[in-house]
Amino acid sequence: ANQLAEFLEKERVQGSYQTLYIAANPTLLGILRQSLKPNTAKLIKGEVDKDMTQLKPHEIPGNLPFFF
C-alpha cells in the first residue's frame, strides 16, 4: 500500500490524473487510505472495497458502479 501511495503521489504531482477511482480488497483499501497524502486522497471520487482478483474480465465492469 505504501508503494502504491508513493506511486499515486508521484503521478499526481506530474499531472497524470485529476480524478482517482480505487478498487481493492477491504484490507488493502484501508491501508491505502491511511498511506495517501491529503492532496492525493482528495482526488478520490469512488471506491470499491472488494477483491476482484478471482473475477473473469467480463465480470469486473459489473462490480464498478461508478463507471456504469
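1. The largest nonpolar core comprises 11 residues: Ala5, Leu8, Tyr17, Leu20, Ile22, Ala24, Leu29, Leu32, Leu36, Leu43 and Ile44. Such a core is a set of buried Ala, Val, Leu, Ile, Met, Phe, Trp, Tyr and Cys residues joined through side-chain atoms within 4.5 Å. At least two residues of this core come from each of helix H1 (2-13), strand S1 (20-24) and helix H2 (26-35). S1 gives the largest share, three residues.

2. The model is predicted: local features need pLDDT of at least 70, side-chain atom pairs count only at pLDDT 80 or more, and totals for chains, interfaces and linings use all residues. Residues are numbered from 1 along each chain as its sequence is written, and side-chain values use heavy atoms, with hydrogens and water left out.

3. The chain contains three helices and two strands, in the order α-β-α-α-β along the sequence. Helices (H or I, at least four residues) and strands (E, at least two) are DSSP runs, numbered from the N terminus. The C-alpha trace spans about 35 × 25 × 15 Å along its principal axes.

4. Strand S1 has Leu20, Ile22 and Ala24 on its covered face, whereas Tyr21 and Ala23 form the uncovered one. In a regular strand, side chains alternate between the two faces of the sheet.

5. S1 runs parallel to strand S2 (residues 44-49), and five bridges join the two; strands pair if DSSP finds at least two bridges between them. Ile22 has Glu47 as its bridge partner in S2. Beyond its neighbours within four places in sequence, Ile22 is in contact (heavy atoms within 4.5 Å) with Leu29, Leu32, Leu36, Ile44, Gly46, Glu47, Val48 and Phe66.

6. Glu11 belongs to helix H1. Glu11 counts as buried because its relative accessibility is 15%; buried means under 20% relative accessible area, exposed over 50%, and partly exposed in between (1.4 Å probe, protein chains only). Leaving out residues up to four places away in sequence, Glu11 touches Ser16 and Tyr17.

7. Of the 68 residues in the chain, 29% are buried. Among contacts between residues at least 6 apart in sequence, 58% join residues at least 24 apart. The chain exposes about 4800 Å², of which carbon and sulfur atoms supply 53%; areas come from the Shrake-Rupley method with a 1.4 Å probe, and for residues only the protein chains shown count as cover.
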